Amino acid sequence: MSTILAFAGSNSSSSINYKLVQYTAGLVGEKEVQVVNLANYPFPLYSVDEEKNNGFVNSLVEFNSEIKSAAGLIISVNEHNSNPSAYFKNLLDWLSRVDKTFLAETNIFLMSTSPGKRGGMSALEITANLLPRFGATVVATFSLPSFQENFDEAKGIVDADLAKQHQEALNQFLAKLS
């Protein structure tokens, strides 16, 4: 049985998107999930010169291999100024240099959250449109608005309607993996 790879597109040590990923991974059930904290992966800023002079760091090559062998991905993207974070964009830039279609035939459950009422929707929409360029299929999306009001670390998503939407999106993703 292949593993689902789950991570947030954030390098923050206190990422709320990582907390959402951890919670979601706990709901998967019988499938195995590997949760990766990208705060532990200090990828250099992409540039042609960096790639030419230093090549690909081992952690990037290993992460690309984990993506390729995964049954599917659960990703939660953070938002900076209505866009995915520079860290996440940098990661995609590096991965696409290792292999332009690094997400070929990969099913993804894409999420976002933020402290605000839109829940990172702009970053979610941009990322949902970007990932298929690398071969991905975004099976389901979910946005959790007002993280501090709608999420409790012990209970998870506390708003019943949002919890139901989240579970339905997760179920849609999991059904695609069967």
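Reply: The protein chain carries 13 positive and 18 negative side chains, and the centres of the two sets are 5 Å apart. Here Lys and Arg count as positive, Asp and Glu as negative, while His and the chain ends are not counted; each charge is placed at NZ of Lys, CZ of Arg, CG of Asp or CD of Glu. This is a predicted model, in which local features need pLDDT of at least 70, side-chain atom pairs count only at pLDDT 80 or more, and totals for chains, interfaces and linings use all residues. Residues are numbered from 1 along each chain as its sequence is written, and side-chain values use heavy atoms, with hydrogens and water left out.

Along its principal axes, the C-alpha trace spans about 50 × 35 × 25 Å.

Of the 178 residues, 48% are buried. Buried means under 20% relative accessible area, exposed over 50%, and partly exposed in between (1.4 Å probe, protein chains only).

Now the interior itself. A nonpolar core is a set of buried Ala, Val, Leu, Ile, Met, Phe, Trp, Tyr and Cys residues joined through side-chain atoms within 4.5 Å. The largest one here has 30 residues, and Phe7, Phe63, Leu73, Ile75 and Leu103 have the most contacts inside it. Two or more residues each come from strand E1 (4-8), helix H3 (58-69), strand E3 (72-77), helix H4 (86-98), strand E6 (107-113) and helix H5 (121-130). H4 gives the largest share, six residues. Another core, of 24 residues, lies apart from this one and includes Met111, Phe151, Ile157 and Leu170. In soluble globular proteins, nonpolar side chains tend to be buried together.

Ile75 shows the packing residue by residue. Contact means heavy atoms within 4.5 Å. Beyond its neighbours within four places in sequence, Ile75 is in contact with Phe7, Phe88, Ile108, Phe109, Leu110, Met111 and Leu131.

Ala136 is also buried, at 7% relative accessible area, although this residue belongs to the loop between H5 and strand E7 (137-144). Not counting residues up to four places away in sequence, Ala136 touches Leu103, Thr106, Ile108 and Leu131. Thr3, in the segment before E1, is buried with a relative accessible area of 19%.

Two loop residues give a contrast. Glu105 lies between H4 and E6 and counts as exposed at 79% relative accessibility. Ser82, between strand E4 (79-80) and strand E5 (83-84), is partly exposed at 41%. Neither is a glycine, yet phi is positive in both, about 60° for Glu105 and about 70° for Ser82. Most residues other than glycine have a negative phi.

Methods:
Helix = DSSP H or I, 4+ residues; strand = E, 2+ residues; numbered from the N terminus.
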